Amino acid sequence: MRAGLFIALIAAAYFGGQVQDCFAQKRPPASPSESTKVSPRKEGTPRKETGRSADPYTVGFVTGTPQCTEFALAQDIATTLAGGQETGPQGQVALRVLPMVGNGGVRNVLDVLTLAGADVAIAPVVLVDRLRETRTFGDISDRLTYIAALHIEEFHLLARAEIGSLTELSGKRVNLGDDDSAGAILGREVLNRLGIKISESNLGPEAALDGLRKGDLSAALLVSGKPVSFLTQVSQLDNIHLLPIPYFKELLQQDYLPSTLRHKDYPNMIAAEAGVDTIAIKSALFVYNWPRGSERFQLLEFFVETLFTRFPEFLAGAHHPKWREVNLAVQLPGWRRFRPAERWLQQQSGGEAALRKAFGRFLEGKPTANPPDREELFQEFLRWRERNPDK
């Protein structure tokens with residue numbers, strides 16, 4: 001490789017007609033009579049395009065809308081990994097990261113499962129779990145793995161000033177985001193669980209904010225990691241505020257986390273020392289499980305090694321503060337980690353490898369030294385170690 005820099009490209013409006021639009025129809029307004037766990041509609045098993053990529057050195061990174069934090073994180077990755085690379089005689093580079101505009105929901109996962117140039121995606125864990133459980137796209141357990149668990153994504157519920165509580169949204173027009181986005185699917189699910197019937201709208205962030213200002217909407221939901229730079233456009237003069245979403249443990253505990261939006265996150269909307277309670281979901285960086293040894297597998301192996309090696313760079317400077325929530329070693333229950341990522345972590349820290357050896361010694365001499373559920377027992381052992389760090 002030869003020294004040089006390249007400028008990361010940002011792609012918008014990528015999708016067009018490349019993938020069959022499985023989600024064109026809008027759902028009717030959500031009601032409490034629907035199932036409290038709203039799952040995507042089941043579709044046929046999609047096939048991955050296997051044609052040779054136009055640029056074998058480019059990792060396709062599917063992310064959320066440009067207004068969301070997840071797109072900002074993808075840009076962070078693209079621009080950071082761009083620096084310090086060497087170029088060939090025609091300016092070619094060994095690794096490029098190309099952010100692709102998605103809706104942050106089902107479509108992101110579908111693109112990774114189908115498009116030859118789409119390799120990785122930031123997606124809510126609970127949403128991908130739903131797709132796997134319902135087999136919306138068939139069995140995706142062997143087609144998707146994860147590189148790393150990421151940050152949490154908060155629910156931002158913007159409401160007009162006259163709306164004082166979540167229950168006051170009953171019967172009102174509320175925007176949940178684009179069809180089959182994380183906001184539409186999970187927002188609908190949460191409102192169902194809480195027994196709140198709304199008139200659902202499915203607009204993008206810009207149109208939703210305009211609708212709030214004009215009074216066409218009573219509220220609008222945005223699911224993204226705080227602080228969302230897009231929300232700096234909102235001020236108290238807009239007659240809009242952030243509405244609390246109570247964390248009802250008995251209704252939400254299984255899939256959602258409690259969180260709080262604070263003045264430092266949104267000084268234009270939250271008073272000093274004040275906070276707005278809300279809920280949140282976990283996100284992760286998922287990757288298509290290309291065959292080992294294939295061209296794309298080798299490219300993604302290089303991507304993982306580069307991303308992990310340079311990860312400390314994301315924790316300082318002008319990078320988004322959500323990077324400071326990321327622990328590369330955290331495991332995602334129920335999912336297999338991309339093998340190169342698992343191998344890198346083991347080689348660098350030796351922590352899990354040492355624990356596996358200790359676990360193996362623990363099992364020696366037991367009635368069943370090699371139980372069929374060994375991996376499950378090991379994961380339980382790791383969880384116990386996290387709860388009991390002094391033992």
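Biologist: How many of the 14 residues of H1 are buried, and what follows for its place in the structure?

Modeller: A residue counts as buried when its relative accessible area is under 20%. In this predicted model, 11 of the 14 residues of H1 are buried, so the helix is largely enclosed by the rest of the structure. Among these buried residues are Phe71, Leu73, Ile77 and Leu81, and also Glu70 and Asp76.

Biologist: What covers the buried residues of H1?

Modeller: The cover includes strands E1 (58-63), E2 (96-101), E3 (120-124), E4 (144-160) and E7 (219-224), together with helix H7.

Biologist: Is Gln67 buried or exposed?

Modeller: Gln67 has a relative accessible area of 17%, and because the limit for buried is under 20%, this residue is classed as buried. Gln67 lies in the loop between E1 and H1. Leaving aside neighbours within four places in sequence, Gln67 is in contact with Pro205, Glu206, Val228 and Phe230.

Biologist: Which residues touch the most other members of the largest nonpolar core?

Modeller: A nonpolar core joins buried nonpolar residues through side-chain atoms within 4.5 Å. The largest one here has 85 residues, of which Ile147, Phe155, Phe303 and Phe308 touch the most other members. Strand E4 gives the most to this core, with eight residues. Apart from it lies another core, of 19 residues, among them Leu209, Ala220, Met269 and Val276.

Biologist: Which residues does Phe303 touch?

Modeller: Not counting residues up to four places away in sequence, Phe303 touches Val59, Phe61, Ile77, Leu81, Leu95, Val97, Val120, Ile147 and Leu285. Two of these, Ile77 and Leu81, are also among the buried residues of H1.

Biologist: How many aromatic pairs are found in the whole structure?

Modeller: The search finds eight aromatic pairs. One of them joins Phe286 and Trp335 edge-to-face, at 5.5 Å centre to centre with 75 degrees between the planes. This pair links distant parts of the chain, 49 residues apart: Phe286 is in strand E10 (residues 275-288), and Trp335 is in the loop between helix H7 (295-309) and helix H8 (339-349). Both Phe286 and Trp335 are buried. Elsewhere, Phe311, Phe314 and Trp323 form one aromatic cluster.

Biologist: What lies over the face of Trp335?

Modeller: Arg132 does, at 4.2 Å from the ring centre.

Notes. Residues are numbered from 1 along each chain as its sequence is written. This is a predicted model: local features need pLDDT of at least 70, side-chain atom pairs count only at pLDDT 80 or more; totals for chains, interfaces and linings use all residues. Side-chain values use heavy atoms; hydrogens and water are left out. Rings of Phe, Tyr and Trp (its six-membered ring) pair if their centres lie within 6.5 Å; planes under 30 degrees apart count as stacked, over 60 as edge-to-face and the rest as tilted. Helices (H or I, at least four residues) and strands (E, at least two) are DSSP runs, numbered from the N terminus. Buried means under 20% relative accessible area, exposed over 50%, partly exposed in between (1.4 Å probe, protein chains only). A charge sits over a ring if NZ of Lys or CZ of Arg is within 6 Å of the ring centre and within 35 degrees of the ring normal. Contact means heavy atoms within 4.5 Å.
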